[in-house]
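I opened my notebook and went through this model one piece at a time. Here is what I looked up, in the order I looked.

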Amino acid sequence: LSRDISEQQVHRNQCELLVKAAHSETKERYGYERLHATLTEQGHDISLYMVRSIKEEHNIKCYRHKRFKVTTNSNHNKLIYPNHLEQKFNANRPNEAWVSDITYIWTDEGWLYLAGVKDLYTKELVGYAINKRMTADLVCRALNMTIKNKRPSQGLIVHSDRGSQYCSHTYHMIIKQHLFTDSMSGKGNCFDNAPIESFWGTLKNELVYHQDYKTRFAAITDIIRYIELYYNQTRIQKGLGYKSPRQVWFDYYRQAA
């Protein structure tokens with residue numbers, strides 16, 4: 001009996017080391033479910049219950065920090081488009097529907113604004129633009145980057161909130177030129193744009209709120225590195241079957257071929 005207990009304790013100790021190592025390797029960003037998926041992918045025989053138990057026992061947590069700043073100004077008389085997305089966030093293929101929005105990052109030099117475009121199928125941030133001013137040009141640059149990178153076909157739904165930047169003539173001309181379908185959230189309804197809001201929360205909780213940016217340049221460099229090298233490439237998501245956005249993209253086109 002004592003031998004069995006000893007073997008169990010050895011296994012527990014080994015699992016504790018694995019969980020702590022995986023927690024560190026993922027930069028303290030994964031909860032117990034994604035940690036378990038990561039360890040399983042690495043070939044380790046450890047149960048979901050064990051991972052959760054070890055995290056609780058050793059107080060291994062993903063840090064969270066919440067702040068709020070309103071960036072959407074929907075009090076304007078510019079053109080508004082219907083909500084063609086209607087909270088149908090489960091796309092069947094890449095470039096079927098994109099959601100877009102603007103968020104903010106504080107630096108010692110002042111605010112920095114980030115416009116992003118997210119694909120609903122791969123959950124990838126497929127385009128973005130960053131500037132110290134929150135203008136229509138910002139969202140246009142993000143959309144043009146996305147079109148250049150992904151080359152979608154006509155009929156794609158491009159969804160946003162009712163912010164004045166997204167109601168600009170230039171922005172809608174880009175959508176019209178490529179024969180996309182324009183879509184906008186209901187007034188004051190953040191749930192209509194939930195997928196991109198979720199990405200902002202992830203970006204800030206996993207990166208921005210743990211930094212103290214002295215310059216805008218430092219923030220821009222850090223954010224681009226997070227998006228391009230971590231979030232899109234390697235960060236696994238429960239909603240993607242514990243795959244990364246890039247893995248889902250490759251799997252789709254490999255199957256299509």
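This is a predicted model: local features need pLDDT of at least 70, side-chain atom pairs count only at pLDDT 80 or more; totals for chains, interfaces and linings use all residues.

**Entry 1: helices against the sheet**

I began with helix 4, residues 136–150, and checked what it lies across: strand 1 (97–107), strand 2 (110–119), strand 3 and strand 4. Its direction makes an angle of about 150 degrees with strand 3.

Next came helix 5, residues 169–177, which lies across strand 1, strand 4 and strand 5. Against strand 5 it runs at about 135 degrees.

In what order do the 5 strands of the open sheet come? I read it off as 3-2-1-4-5, and the pairing is mixed. The edge strands are strand 3 (125–131) and strand 5 (181–184), each of them pairing on one side only. From one strand to the next, the twist averages 25 degrees. A reminder to myself: strands of a sheet pair through backbone hydrogen bonds, either parallel or antiparallel.

I then picked out strand 4 (residues 157–160) and strand 5, which run parallel and are joined by 4 bridges. For H159, the bridge partner in strand 5 is S183.

**Entry 2: S160**

I stayed in strand 4 to look at S160. Is S160 buried or exposed? Its relative accessibility is 1%, and buried means under 20%, so S160 counts as buried. Leaving out residues up to four places away in sequence, I found that S160 touches S100, Y166, S183, M184, S185 and N193. S183 was already in my notes as the bridge partner of H159.

**Entry 3: two helices packed together**

Two packed helices are described by the angle between their axes and the distance between the axes. I looked up both for helix 6 (residues 194–206) and helix 7 (residues 216–231): the angle is about 105 degrees and the axes are 12 Å apart. Angles of 65 to 115 degrees count as roughly perpendicular, so helix 6 and helix 7 are roughly perpendicular to each other.

Which residues meet there? Helix 6 brings F199, T202, L203 and E206, while helix 7 brings Y226, I227, Y230 and Y231. Sorted by type, the residues of this contact are 6 nonpolar, 1 polar and 1 charged.

**Entry 4: salt bridges**

Side chains of opposite charge can pair when their charged atoms come close. I wrote down a count of 12 salt bridges and looked at some of them.

- E124 and R246 form a salt bridge at 2.6 Å, N to O. E124 sits in the loop between strand 2 and strand 3 and R246 in helix 8 (residues 245–256), so this pair ties together parts that are 122 residues apart in sequence. E124 counts as buried at 3% relative accessibility, and R246 counts as buried too, at 18%.
- D251 and R254 form a salt bridge at 2.4 Å, N to O. Why are they separated by about one helical turn? Because they are 3 residues apart in helix 8. D251 counts as buried at 15% relative accessibility, whereas R254 counts as exposed at 56%.
- E86 and K88 form a salt bridge at 3.7 Å, N to O. K88 is exposed, its relative accessible area being 57%.
- D108, D212 and K214 are linked in a network of salt bridges.

**Entry 5: positive phi values**

Most residues other than glycine have a negative phi, and most peptide bonds are trans.

Is Y242 buried, partly exposed or exposed? At 29% relative accessibility, Y242 counts as partly exposed.

I also noted a glycine: G43 follows helix 2 and has a positive phi near 95 degrees.

Conventions
Residues are numbered from 1 along each chain as its sequence is written. Side-chain values use heavy atoms; hydrogens and water are left out. Two strands pair if DSSP finds at least two bridges between them. Helices (H or I, at least four residues) and strands (E, at least two) are DSSP runs, numbered from the N terminus. Axes are lines fitted to C-alpha atoms, for helices over the stretch in contact, and angles run from 0 to 180 degrees between N-to-C directions. Contact means heavy atoms within 4.5 Å. Angles under 35 degrees count as roughly parallel, over 145 as roughly antiparallel, 65 to 115 as roughly perpendicular and the rest as oblique. Ala, Val, Leu, Ile, Met, Phe, Trp, Tyr, Cys and Pro count as nonpolar, Asp, Glu, Lys and Arg as charged, and the others, Gly among them, as polar. A salt bridge is a side-chain nitrogen of Lys or Arg within 4 Å of a carboxyl oxygen of Asp or Glu. Buried means under 20% relative accessible area, exposed over 50%, partly exposed in between (1.4 Å probe, protein chains only).
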